[in-house]
Amino acid sequence: MINTYQTSMALPQVPPPVPPRLGRSHPVLIPAQLPSPGHSKPLLRFLVAVVVLHLLLSVGGFLYLFYTERQLSHATYSSPEGRVGFPPIEKQETAYRALARLVIKQRSYSNKAKTSGYLQWDTDHSVYRDINYYEYKWVTIVQPGDYFVYSRVTFSRGNSTIPLTSFVKMRKSNSGKEEVVMKAYCSMSNDMGSKLNPHMCTVTQQDVITLERGNQLGVWVEDLSLVDYEIGATGFGMYKV
């Protein structure tokens, strides 16, 4: 009775292991090596160099633009021709052309002195550029060419016996013969007591004249005592066109 119970309580049998199938590969995991600290230093140095170079180029470009803009602004506002921007080529060339802008020399004549002659110019306050002056009366041409010549003579008093006349005369040299190249007249108002124009009239002339080197120009009037010698009332000038 006892033997039969021990036989029925025997341990269960374990199934045999299944043999591996042929032709089927098993993945093999190989741990990757971590980069060593010494191997990453060249790459880090290269990246730092690129960043520094880019920074230097940016700063250099900014400084260049700032300096250029400052120079342009200084050149633009240093001359009246360039208040807004660079003047065109024509204006730049005009700035170097020959010209003369003459200011009348302050003189006083006696009312009784009826002397004809040439007006004299104040060389200290006049402007000469590639044009010379001679004896305070004449301007001497240095560069031959066509010149725009203008003259303005204001008479402060009239004369019933002689016309109020202004001539622009030219001579080819210091001792050359004088010839009239521009001529004009003016007359006083009939109302000699007018408050709007009290005994004054202005003779204005302008023309383009071809001049050679050494030619001279001057302004001649019939009576120097009748001229208004205030600055701005009487003047003479020219410039090369």
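These notes go through a predicted model of one chain, from its overall layout to a few single residues.

1. Overall layout. The chain contains three helices and eleven strands.

2. Burial and surface. The chain has 241 residues, and 29% of them count as buried. Its accessible surface comes to about 17900 Å². Carbon and sulfur atoms account for 59% of that surface.

3. Contacts along the sequence. Among contacts in the chain with a separation of 6 or more, 71% are between residues 24 or more positions apart. Point 5 gives an example of a residue with partners elsewhere in the sequence.

4. A nonpolar patch. Five residues, L55, V59, F62, L63 and F66, form a nonpolar patch on the surface. Together they have about 530 Å² of accessible area. One of them, F62, lies in helix α2, which covers residues 37–77. Is F62 buried or exposed? The relative accessibility of F62 is 56%, so F62 counts as exposed; the cut-off for that class is over 50%.

5. Y150 is found in strand β6, which runs over residues 145–155. Its relative accessible area is 23%, and Y150 is therefore classed as partly exposed. The value falls between the limits of 20% for buried and 50% for exposed. Which residues does Y150 touch, leaving aside those up to four places away in sequence? They are A100, R101, Q205, Q206, F236, G237 and M238. R101 is 49 residues from Y150 along the chain, and the C-alpha atoms of the two are separated by 9.6 Å.

6. The disulfide. A search of the whole structure finds one disulfide. C186 and C201 are the cysteines joined, with an S to S distance of 2.1 Å. C186 lies in strand β8 (residues 179–186) and C201 in strand β9 (residues 201–211), so the pair ties together parts that are 15 residues apart in sequence. Why is this disulfide called right-handed? The torsion about the S-S bond of C186 and C201 is about 45°, and the disulfide is right-handed because of that torsion.

Conventions. Residues are numbered from 1 along each chain as its sequence is written. This is a predicted model: local features need pLDDT of at least 70, side-chain atom pairs count only at pLDDT 80 or more; totals for chains, interfaces and linings use all residues. Side-chain values use heavy atoms; hydrogens and water are left out. Helices (H or I, at least four residues) and strands (E, at least two) are DSSP runs, numbered from the N terminus. Buried means under 20% relative accessible area, exposed over 50%, partly exposed in between (1.4 Å probe, protein chains only). Contact means heavy atoms within 4.5 Å. Accessible areas come from the Shrake-Rupley method with a 1.4 Å probe; for residues, only the protein chains shown count as cover. Patches are made of residues with over 30% relative accessible area and no salt bridge: like charges are joined within 9 Å, nonpolar side chains (Val, Leu, Ile, Met, Phe, Trp, Tyr) within 5 Å. A salt bridge is a side-chain nitrogen of Lys or Arg within 4 Å of a carboxyl oxygen of Asp or Glu. A disulfide is a pair of cysteine sulfur atoms within 2.5 Å.
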